[in-house]
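Thanks for coming. I will go through one structure, a helix at a time, and then turn to charged pairs. Please look at the display before I start.

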Amino acid sequence: MTSTLDTARFVEGLREQTGGFADAVAGRAPDTWVPTCPQWPLRTLVGHVGQEHRWAAELVRKGRQLPVPDPWQADPGAPDEWARWLREGAEELIRAIGETGADTETRTFFGPRPAAVWLRRMLSDTCVHHYDAACATDTVFEIADDLAADVISENLDLLATPAFAAARPAVAGLRGRGERVGFRPGSMEGWTITRTPDTPRWERGPVEADVVVSGAVADLMLVFSQRVPPEDDRVTVTGDRALLDHWLAHTAL
């Protein structure tokens, strides 16, 4: 887990982003269309976030891998109860991590990892889905720069894990011969990703790449997560656009 954030910041961030998500969806119509998750109505998005927090909490408590739940089967209750239900799910995960110990080894799809990896994974997913909820309900999306940056790094950690390609076959298409994709924020070090014959590799620092996406770190997170298209005015793309398009087509998490 290559993160500059500690467990306390993961906890704080999960509360921040779950709270923002909860405020965006509270009392809204369950069948509201989610444009950035076009197959899902708002109820399914809400159910997914609350369900995965509880699933990760159970996984941490039991110390073994559990079947991935179906978001269409989640029951978030009535819309006026969504905010409470979402916050309770986040607190359940936070409590499970605290009781088990953030450094305690637990099972994951990719082998043994510290329990805190699930806190980080759920925070990353919640950040992106907060944006989905904000788009669906026409509310403001806010995220701190350090959280947005860690979403990018956490996703890259997954993509660079050899076992991940077994779970997501499209990732195998990211193998290459040294092609480089860069994400360059104005306020911090950027990310340079190198496509190698076995797996993508990445590093933080000054960005030198065949194609570079530049912009605010939150906007880079949204491009990376395929929530904002590269042609959006909030970011600038220089270099080999076809390489970037290929990267994005094979990195959906």
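In helix α8, residues 241-249, the buried residues are Leu243, Leu244, Trp247 and Leu248. Seen down the axis of α8, these buried residues fall within an arc of 130°, so they line one face of the helix. The arc is taken from the directions from the helix axis to the C-beta atoms. In general, an α-helix has 3.6 residues a turn, so residues three or four places apart point the same way. The face of α8 turned away from the buried side carries Ala242 and Ala249, which are exposed. Buried here means under 20% relative accessible area, exposed means over 50%, and partly exposed lies in between, with a 1.4 Å probe and protein chains only. Helices are DSSP runs of H or I, at least four residues, numbered from the N terminus.

At the start of α8, a side-chain oxygen of Asp240 comes to within 3.2 Å of the backbone nitrogen of Ala242.

A word on where this comes from. The model is predicted: local features need pLDDT of at least 70, side-chain atom pairs count only at pLDDT 80 or more, and totals for chains, interfaces and linings use all residues. Residues are numbered from 1 along each chain as its sequence is written, and side-chain values use heavy atoms, with hydrogens and water left out.

Next, Asp132, which sits in helix α4, residues 116-137. Is Asp132 buried or exposed? Asp132 is buried, with a relative accessible area of 0%. Apart from neighbours within four places in sequence, Asp132 is in contact (heavy atoms within 4.5 Å) with Val34, Thr36, Cys37, Leu45 and Arg227.

Now the charged pairs. How many salt bridges does a search of the whole structure find? The search finds 19, a salt bridge being a side-chain nitrogen of Lys or Arg within 4 Å of a carboxyl oxygen of Asp or Glu.

One of them joins Arg61 and Glu92, with the closest N and O atoms 3.2 Å apart. That pair links distant parts of the chain, 31 residues apart: Arg61 is in helix α2 (residues 42-62) and Glu92 in helix α3 (residues 82-100). Arg61 is partly exposed, at 44% relative accessible area.

Another salt bridge is between Arg120 and Asp150, at 2.9 Å from N to O. Here Arg120 belongs to helix α4 and Asp150 to helix α5 (residues 145-159), 30 residues apart. Both Arg120 and Asp150 are buried.

Note on methods
Helices (H or I, at least four residues) and strands (E, at least two) are DSSP runs, numbered from the N terminus. A polar contact is a pair of N or O atoms within 3.5 Å; within protein, one must be able to donate a hydrogen and the other to accept it, and residues adjacent in sequence count only if both atoms are side-chain atoms.
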